[in-house]
Amino acid sequence: TLSLIFNFLLYQYALWKLPQDPRLAAIPGFDPPAAARQMALEFLTGYIVEYSLSVDNIFVFVIVFKFFGIPSKYQHRVLFYGILGAVVFRGIFVALGSVLMRYHWVVVAFGVFLIITGVRLMFGAETQVAPDKNPLIRLFRRFVPVTAELHGQRFLVRIGRIPHATPLLITVLFLEMTDIVFAVDSVPAIFALTNEEMVVFCSNILAVLGLRSMYFMLAGALDKFHLLKYGLAVVLIFVGLKMTVLNRFYGGKFPIEISLGIISLVIAGAVVASLVFPKREP
């Protein structure tokens, strides 16, 4: 709801601001209402893509919480700090992307990368998450002692005179690292839909901020959406094709209305198909 309200306010702001810019007014044929509508649709499409791709994060949350034995009453605290860190890292990725995407060969490279990622997601085996084998977690444990049990909702405790990290802190660190990996896919996917850095950042951040509520809603029902990964794979392949091929056939910009329709239809179709054809238990 907050994201849709922001989208509406963004549209109203663009509708008010764009006609006042003398540089834009000097462009022949420039239509402020059409430009404002384009920006609002780009935000909405980017938000849907990012929020859909965030389902992968939910799978990781469930596995990591089970692995470290984090009870439900502390999970909201871990997710709060994990998502807070994700906001910072996404901002860095968007800033880097805004610089790199000015070069055509980078755009093509990102498009090819998204296509490969989509194909791997569609035909590859399920990714296994192993926090105990993560090299950065193992390095952290080498320098910072970690308690075997939780100490309430504390991230650090002092045992004797030595500060110890609790499993709660290790969980936050692991979630931060996995989000960086997910950002490598999701940030280029939104840049494929819009060149406006502010739209990329806001759609990305608002989707990330919805992760915590989506986790508590879907954590117990993820198995019901077993076909969603194929829908996400199709979305990534489509976005990659848009960056590499489709934009060229439409004067450098594939229509955002068609992109929004295709992405929404694919995601909704995968969800409905998962419910109509439930996963067979072995």
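## Aromatic pairs

Tyr-215 is buried, at a relative accessible area of 5%. This is a predicted model. The ring of Tyr-215 pairs with that of Phe-216. The geometry is edge-to-face, with 5.1 Å between centres and 75° between planes. Phe-216 is partly exposed, at 44% relative accessibility.

Eleven aromatic pairs occur in the structure. One of the pairs joins Phe-67 and Phe-68. Their ring centres lie 5.0 Å apart. Their planes meet at 85°, over the 60 degrees required, so this pair is edge-to-face. Phe-68 is buried, at 12% relative accessibility. Phe-67 is partly exposed, with a relative accessible area of 42%.

## An aromatic cluster

Ring pairs also build a cluster. Its members are Phe-6, Phe-43, Tyr-47 and Tyr-51.

## The largest nonpolar core

In soluble globular proteins, nonpolar side chains tend to be buried together. Here, the largest nonpolar core holds 60 residues. Phe-61, Phe-65 and Leu-175 have the most contacts inside this core. Helix α8, residues 167–191, supplies the largest share, with 13 residues.

What does Leu-175 touch, leaving aside residues up to four places away in sequence? The list includes Phe-61 and Phe-65. Val-60, Val-64, Val-78 and Leu-79 are also in contact with Leu-175.

## A separate core

Another core lies apart from the largest one.

Definitions and conventions
Residues are numbered from 1 along each chain as its sequence is written. This is a predicted model: local features need pLDDT of at least 70, side-chain atom pairs count only at pLDDT 80 or more; totals for chains, interfaces and linings use all residues. Side-chain values use heavy atoms; hydrogens and water are left out. A nonpolar core is a set of buried Ala, Val, Leu, Ile, Met, Phe, Trp, Tyr and Cys residues joined through side-chain atoms within 4.5 Å. Buried means under 20% relative accessible area, exposed over 50%, partly exposed in between (1.4 Å probe, protein chains only). Helices (H or I, at least four residues) and strands (E, at least two) are DSSP runs, numbered from the N terminus. Contact means heavy atoms within 4.5 Å. Rings of Phe, Tyr and Trp (its six-membered ring) pair if their centres lie within 6.5 Å; planes under 30 degrees apart count as stacked, over 60 as edge-to-face and the rest as tilted.
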